[in-house]
Amino acid sequence: MANELSYWVALTQFPKIGPVRFNKLLNYFPDIAGAWRASFSELKKAGLEENIAEEFIIKRQEIEPDREWQKVEEENLKIITIKDAGYPKLLKEIYNAPYLLYYRGSLHDINNDFTIAVVGTRKISPYGRQVTEEIAARLAQNKITVISGLALGVDALAHLAALNNRGKTLAVLGSGADKNSVYPVANRCLAEKIIAEGGAIISEHPIGTPPLKHHFPARNRIIAGLSLGTLIVEAGEESGALITARCALEQNREVFAVPGNIYSKTSIGPNNLIKMGARAVTSAEDILETLNLENSEIFTANQKILADNPSEEKLLLYLSKEPKHIDELVRETKLNAAETASALTLMEMKGKVKNLGGMNYILAR
C-alpha cells in the first residue's frame with residue numbers, strides 16, 4: 001500500500017499542479033493521499049480549475065504512487081517536503097516555493113548555513129573566470145555555502161572554487177536529479193564531486209525529467225530563494241542569470257553585481273543591474289560586509305552544536321528549530337525511550353536543546 005509521501009511524489013508527475021495549486025489541495029484535504037483520490041467535484045471545491053481537475057483525473061490513472069516511490073528508492077534519491085522541519089527556511093519564505101524537492105547528497109544544516117548564489121553567463125571571459133574563482137573561493141573560506149545552477153561557465157567555476165577551498169556548494173537543476181538526467185552532461189562528474197564533498201544537487205522535477213527550456217526560469221527562483229543574496233558575475237542582456245537577479249529582488253533578497261568592461265556584451269547585464277541599484281562588488285568582502293557576515297566563520301563555529309557521544313549524534317540529526325516530540329525522536333533515532341530521555345536531559349543542561357514543554361524539543365542555538 002502506498003505511503004503518504006508516495007502521493008506527494010506522484011503529484012510531481014503532473015506539472016500543471018505547481019506550488020500554487022498544490023497549496024490549495026494541501027489547505028483543503030486532510031492529506032495528499034486524499035487529494036490524489038478526490039473526485040472531480042472535490043477537486044473543484046479545493047480550488048482547481050475544471051480543465052485542470054479533468055486532466056488530473058485522466059493522468060492519475062496512468063500513475064502508480066507505489067511505483068513512483070520505488071523509483072525514488074532505486075535511484076537513491078532523497079525527498080524533502082515543504083511540511084518537513086528540515087526544509088530550507090529561506091526557500092520556504094518565497095511565494096511559489098516548491099512543495100517537494102528531490103536531492104542527492106546532504107541538506108543537513110542547510111538552515112544553519114549562510115548561503116550566497118553565484119551565477120552568470122556560460123560564455124565566460126578570462127576576466128569573468130578570474131573574478132568568479134576569486135570571489136567564490138573567498139566565500140567558501142568564510143564558511144559561506146555557494147549556490148548555483150551547475151551550468152557551464154560561471155556556475156561550474158563557482159561550484160569548483162568552493163570545492164577547491166573545502167567549502168560546501170549546492171547545485172539546483174532544471175532537470176531531474178537522478179544520475180541519468182543531470183544536465184549538462186559535461187558537468188555530471190562535477191555533480192558527483194559536489195555530493196561527495198558534503199553538498200547536494202537539488203531539483204523539484206521527478207526522475208527522468210529532461211532539461212526543457214521553461215524549467216530554467218523556474219529553477220532560478222529556487223537558486224535565489226535558497227540564498228541570502230545573489231551575485232551576478234557576467235551576463236548578457238538576455239541572460240538567464242538576470243532572471244535569478246529579478247527573482248532575488250522579488251524575494252526581497254540582496255543583489256550584487258561585478259562591474260565589467262563597458263564594451264563587452266557579457267558586462268551589459270551586471271552593469272545595468274548596478275545602474276538600477278544592485279550593489280557593485282569587487283571582492284567577496286563587499287558581500288560579507290553588506291550582509292554583516294564578516295565574522296561568519298567565527299559565528300558558524302560558535303553556533304555549531306557538537307555531539308559528545310553517539311546518542312547525541314543521532315538526536316542532532318533530527319533536531320532543528322521546529323519542535324519535535326520525544327516519541328517522534330525515539331522512532332527516528334531508534335534509541336530506546338529511556339536512553340532518549342536521558343540524552344535530551346543532559347543536552348538541555350549543556351545548553352544544546354530546549355524543552356518547550358510537553359516533551360517537545362528544539363535546538364537551543
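How many helices and strands does the protein chain have? The chain has 18 helices and 12 strands. Helices (H or I, at least four residues) and strands (E, at least two) are DSSP runs, numbered from the N terminus. This is a predicted model: local features need pLDDT of at least 70, side-chain atom pairs count only at pLDDT 80 or more, and totals for chains, interfaces and linings use all residues. Residues are numbered from 1 along each chain as its sequence is written, and side-chain values use heavy atoms, with hydrogens and water left out.

**Overall shape**

- Along the principal axes, the C-alpha atoms fill a box of roughly 60 × 55 × 35 Å.
- Of the 365 residues, 51% count as buried. Buried means under 20% relative accessible area, exposed means over 50%, and partly exposed lies in between (1.4 Å probe, protein chains only).

**Helix α8**

- Helix α8 covers residues 126–141, and its end C-alpha atoms are 23 Å apart. The expected span is 1.5 Å times one less than the number of residues.
- Buried residues in α8 include Gly128, Val131, Ile135 and Leu139.
- The buried residues of α8 pack against β3 (114–119), β4 (144–148), α9 (154–164), β7 (229–232) and α14 (284–290). Contact means heavy atoms within 4.5 Å.

**Loops with positive phi**

- Lys143 follows α8 and sits in the loop between α8 and β4. Its phi is near 65°, a positive value in a residue other than glycine. Lys143 has a relative accessible area of 41%, so it is partly exposed.
- Asn292 lies in the loop between α14 and α15 (296–303). Its phi is also positive, near 55°. At 62% relative accessibility, Asn292 is exposed.

**Two other loop sites**

- The peptide bond from Tyr183 to Pro184 is cis, with omega near 0°. Pro184 belongs to the loop between β5 (169–172) and α10 (188–196).
- Thr209 is in the loop between β6 (200–203) and α11 (215–225). Thr209 counts as buried because its relative accessibility is 11%. Leaving out residues up to four places away in sequence, Thr209 touches Ser175, Gly176, Ser181 and His215.
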